[in-house]
Amino acid sequence: MQNKGYTIIELIVVIVVVGIFSLIAINKASYAFVDSDVVNEETEEMILIKTSTAYANSILETLKNDDIYVTGKDIEDAGYLVDDEHTLSNVKLKLSYNAETNSAKVEILK
């Protein structure tokens with residue numbers, strides 16, 4: 001009589017191979033989520049710098065006299081930034097005047 005099943009060795013080998021492929025897939029997927037967080041943070045910083053620069057250029061005469069320190073909340077209150085999730089509200093910024101280019105300079109303080 002012929003047995004039509006798999007041996008225990010064959011089953012263990014299949015389970016090990018599937019496990020290795022699963023670990024590789026999970027590892028690759030976890031890097032995708034980490035990378036998206038970094039991209040999101042860089043995008044938020046870029047938006048904050050651009051909106052803060054627009055705000056700083058609107059008060060350029062004030063900046064010629066002295067540097068101003070503001071937060072993301074101040075930029076939002078001035079109407080230059082929409083921050084529904086309030087992720088940028090507590091970010092501190094330094095607004096200063098650049099005499100060489102006659103424009104505002106924005107620096108994120110960490």
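Colleague: What relative accessibility does K73 have?
Modeller: This is a predicted model: local features need pLDDT of at least 70, side-chain atom pairs count only at pLDDT 80 or more, and totals for chains, interfaces and linings use all residues. Numbering starts from 1 along each chain as its sequence is written, and side-chain values use heavy atoms, leaving out hydrogens and water. Buried means under 20% relative accessible area, exposed over 50%, and partly exposed in between (1.4 Å probe, protein chains only). K73 counts as partly exposed because its relative accessibility is 37%.

Colleague: Which residue forms a salt bridge with K73?
Modeller: A salt bridge needs a side-chain nitrogen of Lys or Arg within 4 Å of a carboxyl oxygen of Asp or Glu. For K73, the closest N and O atoms are 3.3 Å apart. The two residues sit 4 apart in helix α3, so about one helical turn separates K73 from D77.

Colleague: Which helix holds both K64 and E61?
Modeller: Their side chains meet in a salt bridge, 3.2 Å from N to O. K64 is partly exposed at 37% relative accessible area, and E61 is exposed at 55%. Helices are DSSP runs (H or I, at least four residues), as strands are (E, at least two), numbered from the N terminus. K64 and E61 lie 3 residues apart, about one turn, in residues 60-65, helix α2.

Colleague: How many residues apart are D67 and K94?
Modeller: The side chains of D67 and K94 meet in a salt bridge, 3.6 Å from N to O. This pair links distant parts of the chain: D67 is in the loop between α2 and β1, K94 is in strand β2, and the separation is 27 residues.

Colleague: In what order do the strands form the open sheet?
Modeller: Two strands pair if DSSP finds at least two bridges between them. β1 and β2 (residues 92-98) pair in the antiparallel sense over 4 bridges, with Y69 opposite K94 in β2. β2 and β3 pair in the antiparallel sense over 7 bridges, with K92 opposite L109 in β3. The 3 strands are arranged in the order β1-β2-β3.

Colleague: Which residue in the hairpin of β2 and β3 takes a positive phi?
Modeller: Most residues other than glycine have a negative phi. This hairpin has 4 residues between the strands, and one of them takes a phi near 50 degrees. That residue is not a glycine, yet its phi is positive: N102.

Colleague: What aromatic pair does a search of the whole structure find?
Modeller: Rings of Phe, Tyr and Trp (its six-membered ring) pair if their centres lie within 6.5 Å; planes under 30 degrees apart count as stacked, over 60 as edge-to-face and the rest as tilted. The search finds 1 pair. It is edge-to-face, at 5.5 Å centre to centre and 70 degrees between the planes: Y55 and Y80.

Colleague: Which parts does the pair of Y55 and Y80 tie together?
Modeller: Y55 counts as buried because its relative accessibility is 18%. Y80 counts as partly exposed at 33%. The two residues are 25 apart in sequence, so their pair ties together helix α1 and the loop between α3 (72-77) and β2.

Colleague: Is F21 buried or exposed?
Modeller: F21 is found in helix α1, residues 8-58. With 57% relative accessibility, F21 counts as exposed.
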